[in-house]
Amino acid sequence: MTLGCLAVLGSLLVSHPADPAVVLVQEVASGQLVLTVQGPSDLVSGLTVQLAGDCAADEGGGLWRCGAGERRLVADGVPAGRGVLIRVVAPGQPERSGVLTVDQPEFDLSPTAANSRSVSALVRMGISHILSGPDHLLFLTGLLLLIASWRRLLLAVSAFTVGHSLTLAAQVLGVVVPPAAVVETLIALSLVLLAREVVRSDSTTLLRRRPELAAALFGLFHGFGFAGALAEVGLSREAILAPLFGFNLGVETGQIAFVVALGGALWLARRLLKPVVVTRWVTPGLGYLVGALGMFWVIERAGAIWPT
């Protein structure tokens, strides 16, 4: 019964997908543009994009002809909370990037357009990326249960962002990204190791003494997923800087918001319940939940490494 419930819960709380959808806008000749949508099928299946302004679709399909006037990319079906990256490639112009969201489904393709809202949209994408990922939220929960000091907790959370940023920066430099199945399995394994420390009372272990190291390592694994996706869609080193900055800022913001909310809930529980109840039941119970789900995901994801 317990194993069955765990299997159902684990299958429902799937890891948040790292791969973004990307719209490639390529000017193949003067005034002739081609739109290509790349990304996971669950994101792009309901996504439609077209050009507006001084643009019209060619009767043959696949090609857009634009005049000297306004050029806008308009999207319909942008997935809520996920966003869609934009890559604009034109001869003689620096490559540009941006983002489409449910609230901002248009992007000005004019070379002089500022598109100042792109960074804020990327920040929101980073926040959603973190808050929609149960494996990462469980890792933050484990850190909160393991670390008593708020200062050390925030240090550990920031260490995750540092690890995440290092991985993404490595992608910019062209470092090879490991297979997604291996990365996802290592992320799940980190939950098991962290949960083990939560339910134990040994204060001499490395995770107890330096939890920020574990957070940084987890950040490295987590960043590989998004970095691999960016590598596949071919964003240039110059065009990738703004998405990385905005996305990482959103990641850090989302983490701190979750930790503060959950930490406040645990503080309230300690005030309303007897401290011994929290120490003996709440903390170990959450620790076992994190470990059990982590082990379930390890088994599930390891199968993708060596498919039958």
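Two packed helices are described by the angle between their axes and the distance between the axes. Sorted by class, the contact of α6 with α10 has 19 nonpolar, five polar and two charged residues. In this sorting Ala, Val, Leu, Ile, Met, Phe, Trp, Tyr, Cys and Pro count as nonpolar, Asp, Glu, Lys and Arg as charged, and the others, Gly among them, as polar. The crossing of α6 past α10 is left-handed, meaning that the near helix is turned anticlockwise from the far one by less than a right angle (clockwise would be right-handed).

The model is predicted, so local features need pLDDT of at least 70 and side-chain atom pairs count only at pLDDT 80 or more, while totals for chains, interfaces and linings use all residues. Residues are numbered from 1 along each chain as its sequence is written, and side-chain values use heavy atoms, with hydrogens and water left out.

The chain has 10 helices and seven strands, which are DSSP runs numbered from the N terminus (helices: H or I, at least four residues; strands: E, at least two). Of its 308 residues, 47% count as buried, where buried means under 20% relative accessible area, exposed over 50% and partly exposed in between (1.4 Å probe, protein chains only).

Next come the helices one by one. Helix α10 covers residues 275-305, and its 31 residues should span 45 Å at 1.5 Å a residue; the end C-alpha atoms are 44 Å apart, which agrees. The expected span is 1.5 Å times one less than the number of residues. Among the buried residues of α10 are V278, P284, W297 and R301.

How many of the 13 residues of α4 are buried? The count is 13 of the 13, so α4 is largely enclosed by the rest of the structure. This helix (residues 134-146) should span 18 Å, and its end C-alpha atoms are 18 Å apart, which agrees.

Helix α4 also packs on both partners. The axes of α4 and α6 come within 9 Å and cross at roughly 25°. That makes α4 roughly parallel to α6. Residues of α4 including L138, F139 and L146 meet residues of α6, among them I187, L194 and V198. By class, this contact of α4 with α6 has nine nonpolar, two polar and three charged residues. With α10, the axis of α4 comes within 10 Å and crosses at roughly 145°, again in a left-handed crossing. Here P134, D135, L138 and L145 in α4 meet residues of α10 including L286, V290 and W297.

Q255 sits in helix α9 (residues 241-272) and counts as buried, at 0% relative accessibility. Leaving aside neighbours within four places in sequence, Q255 is in contact (heavy atoms within 4.5 Å) with I130, H136, L140, V157, F160 and T161.

How values were computed. Axes fitted to C-alpha atoms, helices over the stretch in contact; angles between N-to-C directions. Parallel < 35°, antiparallel > 145°, perpendicular 65-115°, else oblique.
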